There are 2 protein chains.
Amino acid sequence: MQRVEIEKAQQKMIDYLDTAGIVLTEQEKENIEIADFGLGQLEEQGLELITYINNEHYCAKELVLFSNQTCPEHKHPPVLGSEGKTETFRCRWGKVWLYVEGEPTPSIKATVPQGSEAHYTVYHEIELKAGDQYTIPPNTLHWFQAAENGAIVSEFSTTSRDEYDIFTDPRIKRVPETNG
Amino acid sequence: MQRVEIEKAQQKMIDYLDTAGIVLTEQEKENIEIADFGLGQLEEQGLELITYINNEHYCAKELVLFSNQTCPEHKHPPVLGSEGKTETFRCRWGKVWLYVEGEPTPSIKATVPQGSEAHYTVYHEIELKAGDQYTIPPNTLHWFQAAENGAIVSEFSTTSRDEYDIFTDPRIKRVPETNG
Ligand SMILES: [Zn+2]
Ligand SMILES: [Zn+2]
């Protein structure tokens with residue numbers, strides 16, 4: 001992504017957080033991570049996030065999804081002798097549809113990103129509105145999409161090691177090779 | 001504490017969270033924990049909290065401190081073969097003064113609760129306003145007090161095992177014997 005596109009998305013995340021009354025330090029604002037997963041279509045498939053703490057035991061992040069934005073399907077496999085990342089998603093603002101392994105929901109509310117249908121394979125739907133939360137076990141496929149007004153999600157988890165995440169879409173690079 | 005006093009404090013915590021735009025489910029509202037530490041002076045020494053998740057790896061809570069309310073000095077010792085609880089305090093709203101082991105701050109901003117001076121022994125001050133955070137290592141004495149308008153603090157940590165906490169004040173019972 002180009003620097004100007006990253007800065008625009010960072011400011012948009014700050015605007016979302018402002019609306020919900022969530023405060024970042026100036027340093028954190030500069031460190032907002034814009035993940036387009038190497039797909040070059042941030043508005044459709046992407047995620048905006050800030051990591052508050054990530055130590056050898058636990059991790060806490062704030063995630064923002066813009067209107068109808070989707071975080072692509074992935075899982076957190078066992079790594080370095082640990083069982084893989086466990087994630088608790090707590091919706092703080094807006095609405096998000098989370099899909100995990102299990103009985104497919106007959107008529108899902110999200111719209112699978114056009115052209116990427118082959119890379120979305122789990123369809124058990126959990127709807128999270130402000131105050132709702134769900135914990136995803138390690139090594140479990142999941143993806144999530146914000147409703148029309150976007151969403152803010154607090155993530156509480158075991159240690160984050162994003163570089164080991166396994167995405168269903170083989171084109172995806174979680175950790176960008178350049179920051180353009 | 002009497003039921004009516006607990007319910008009053010629970011509603012007061014909900015009012016604080018409303019002001020900051022933090023949403024709880026109805027079930028969570030009923031589960032708000034009011035800790036007076038067995039001292040019978042909740043407004044001076046006490047804490048209001050809700051636990052979002054507490055599993056074998058990590059824990060996340062929302063803490064509320066009313067105007068000038070103090071959480072008494074304590075530490076989280078090694079227990080069950082683990083090194084003791086590590087806590088990250090992230091101030092979400094208001095202002096809180098945190099005191100930990102280390103060089104005592106010459107003129108602290110908090111007021112030690114009257115009559116309990118002997119049970120407050122660490123005075124290295126860290127001021128946390130909305131967006132500020134601090135991580136307390138295991139087995140380290142700490143206490144904290146809200147400024148005049150109160151405070152809301154997100155706590156990210158390793159597993160909580162409150163019953164093993166060690167308080168400096170020998171009168172304190174962290175886990176109430178009855179909920180009368
Ligand atoms: Zn994930
Ligand atoms: Zn503590």
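Where in chain B is B:Ala118 found? B:Ala118 sits in the loop between E5 and strand E6 (124-129) of chain B; the strands here (E, at least two residues) and helices (H or I, at least four) are DSSP runs, numbered from the N terminus.

A quick note before the views. This is a predicted model, where local features need pLDDT of at least 70 and side-chain atom pairs count only at pLDDT 80 or more, while totals for chains, interfaces and linings use all residues. Residues are numbered from 1 along each chain as its sequence is written, chains are lettered from A and ligands numbered from 1 in the order in which they are written, and side-chain values use heavy atoms, with hydrogens and water left out.

**View 1. The loop around B:Ala118.** With a relative accessibility of 63%, B:Ala118 counts as exposed. The cut-offs: buried means under 20% relative accessible area, exposed over 50%, and partly exposed in between (1.4 Å probe, protein chains only). B:Asp36 is 82 residues away from B:Ala118 in sequence, and their C-alpha atoms are 18 Å apart in space.

**View 2. The axis that relates chain B to chain A.** B:Tyr58 is the residue of chain B that comes closest to the rotation axis, its C-alpha lying at 2.9 Å. Both copies use the same surface, as 100% of the contact residues of chain B recur in chain A; contact means heavy atoms within 4.5 Å.

**View 3. The interface of chain B and chain A.** Each chain brings its share to the contact: 28 residues from chain B and 28 residues from chain A. Together the two chains bury about 2000 Å², 51% of it on carbon and sulfur atoms. Buried area here is the accessible area (1.4 Å probe) that two parts lose on being put together, summed over both. On the chain B side, B:Tyr58, B:Arg92 and B:Phe156 lose the most area to chain A, together 28% of what that side buries.

**View 4. Polar links across the interface.** There are 16 residue pairs in polar contact between chain B and chain A, both residues at pLDDT 80 or more. A polar contact is a pair of N or O atoms within 3.5 Å; within protein, one must be able to donate a hydrogen and the other to accept it, and residues adjacent in sequence count only if both atoms are side-chain atoms. The interface also has 4 salt bridges, each a side-chain nitrogen of Lys or Arg within 4 Å of a carboxyl oxygen of Asp or Glu. In one salt bridge, B:Arg92 pairs with A:Glu62, with the closest N and O atoms 3.0 Å apart.

**View 5. The zinc ion (ligand 1) in chain A.** The protein donors are A:His74 (NE2), A:His76 (NE2), A:Glu87 (OE), A:Glu87 (OE) and A:His142 (NE2), at 2.1 to 2.7 Å from the ion. Donors are N, O and S atoms within 2.8 Å of the metal (3.2 Å for Na, K and Ca), and water is not among the atoms, so sites may look incomplete. Along the chain, the donors are spaced H-x1-H-x10-E-x54-H. A:Glu87 in strand E5 (residues 87-100) and A:His142 in strand E8 (residues 142-157) of chain A are 55 residues apart, linking distant parts of the chain. Both A:Glu87 and A:His142 are buried. A:Glu87 also belongs to a network of salt bridges with A:Lys85 and A:Glu155.

**View 6. The zinc ion (ligand 2) in chain B.** Here B:His74 (NE2), B:His76 (NE2), B:Glu87 (OE), B:Glu87 (OE) and B:His142 (NE2) coordinate the ion at 2.1 to 2.7 Å. B:His74 is buried, at 5% relative accessibility, and B:His76 is buried with a relative accessible area of 5%.

**View 7. Salt bridges within the chains.** Over all chains, the structure holds 20 salt bridges. A:Asp162 pairs with A:Lys61, the closest N and O atoms being 3.5 Å apart. In chain B, B:Lys85 meets B:Glu155 at 2.8 Å, N to O.

Terms used: Least-squares fit on C-alpha atoms with pLDDT ≥ 70 in both.
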